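Visitor: I am new to this structure. Please show me how to read its features.

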Amino acid sequence: AEQEEEDAFSPARCDVAFGSAHDGWAFRLDQFAAMYAQKLGCKPESLTNALWGDWTISPKEKRVVRIKSKGAGSSKAKPLFVQLVLETVYKAYSACEVGEDQVAVLSPIIKARSLGHLVPTKALEHPDPKQALRAVMRAWLPLSEAVLGMAMMHLPAPPAAAPLRMPRLLGSSLSNQQLLAPSRLKVQPPPSMVA
């Protein structure tokens with residue numbers, strides 16, 4: 001059971017990215033946690049776990065609290081993920097609604113995230129609001145950063161992975177002791193780099 005849980009994907013472990021390949025943006029929970037941690041006065045790691053759990057922001061206490069269980073008198077509080085992530089993304093996408101002023105909707109996002117140098121005015125004032133939205137979302141939540149960051153977090157470095165890959169690459173003609181001999185695993189620099 002523990003192995004199955006470890007093998008399953010979990011947004012709280014940052015091995016899931018949410019996004020739109022069509023619009024060129026994506027994010028992991030830890031990215032949003034880093035954005036809001038200081039404002040909420042908590043650690044980014046704790047906020048990452050809370051974003052995918054039954055937590056909400058209490059307006060009265062001005063802190064993150066657990067959502068009360070479903071039952072008589074339970075609150076209608078929105079989960080933290082909805083409050084901090086989805087509503088922010090929905091607000092950005094509202095720039096594409098008919099009759100909506102895209103500059104008025106997207107400018108606060110640009111200002112709050114200090115994206116002015118990444119989103120030119122020409123892109124923001126594009127006649128097609130979808131193009132303006134794409135420019136803002138790609139600058140704010142780049143798809144490459146989310147996916148490559150996830151790969152860096154979860155894949156082993158090449159020197160650490162080599163002993164695991166060598167038996168499959170070289171076949172079974174050598175014994176495991178020969179394959180994993182220290183002299184074989186040591187990475188030697190090219191002669192031109194040796195002083």
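Guide: Start with helices and strands: they are DSSP runs, helices of type H or I with at least four residues and strands of type E with at least two, numbered from the N terminus. Cys-14 sits in the loop between α1 and β1.

Visitor: What kind of model is this?

Guide: It is a predicted model, where local features need pLDDT of at least 70, side-chain atom pairs count only at pLDDT 80 or more, and totals for chains, interfaces and linings use all residues. Residues are numbered from 1 along each chain as its sequence is written, and side-chain values use heavy atoms, with hydrogens and water left out.

Visitor: Is Cys-14 buried or exposed?

Guide: First the scale. Buried means under 20% relative accessible area, exposed means over 50%, and partly exposed lies in between, with a 1.4 Å probe and protein chains only. Cys-14 has 6% relative accessibility, so it counts as buried. Its backbone deserves a look too: phi is positive, about 60 degrees, although Cys-14 is not a glycine.

Visitor: Where does Ser-114 lie?

Guide: Ser-114 is in the loop between α5 (102-112) and α6 (121-124). Its phi is also positive, near 55 degrees, and Ser-114 is a residue other than glycine. Ser-114 is exposed because its relative accessible area is 52%.

Visitor: Which loop holds Pro-11?

Guide: Pro-11 is in the loop between α1 and β1. At 8% relative accessibility, Pro-11 counts as buried. Now compare sequence with space. Pro-11 and Leu-29 are 18 residues apart in sequence, and their C-alpha atoms are 6.5 Å apart.

Visitor: And Pro-127: buried or exposed?

Guide: Pro-127 is exposed, with a relative accessible area of 77%. Look for Pro-127 in the loop between α6 and α7 (129-140). Its C-alpha atom is 9.6 Å from that of Gln-102, and the two residues are 25 apart along the chain.

Visitor: How many aromatic pairs are there in the whole structure?

Guide: The rule comes first. Rings of Phe, Tyr and Trp (its six-membered ring) pair if their centres lie within 6.5 Å; planes under 30 degrees apart count as stacked, over 60 as edge-to-face and the rest as tilted. A search of the whole structure finds nine such pairs. Take Phe-18 and Trp-52: the ring centres are 5.6 Å apart and the planes are at 40 degrees, so this pair is tilted. The pair links distant parts of the chain, 34 residues apart. Phe-18 is in strand β1 (residues 18-20), and Trp-52 is in the loop between α3 (44-51) and β3 (55-58). Phe-18 counts as partly exposed at 22% relative accessibility. Trp-52 also counts as partly exposed, at 41%.

Visitor: What do Phe-32 and Tyr-36 form?

Guide: They form a stacked aromatic pair, 6.3 Å centre to centre with 15 degrees between the planes. Both residues belong to helix α2 (residues 29-40); they are four residues apart, so about one helical turn separates Phe-32 from Tyr-36. Phe-32 is buried, and Tyr-36 is buried too.

Visitor: Which residues form one aromatic cluster?

Guide: Phe-18, Trp-25, Phe-27, Phe-32, Tyr-36, Trp-52, Phe-81, Tyr-93 and Trp-140 form one aromatic cluster.

Visitor: Where does Glu-6 lie?

Guide: Glu-6 lies in helix α1 (residues 2-7). At 55% relative accessibility, Glu-6 counts as exposed.
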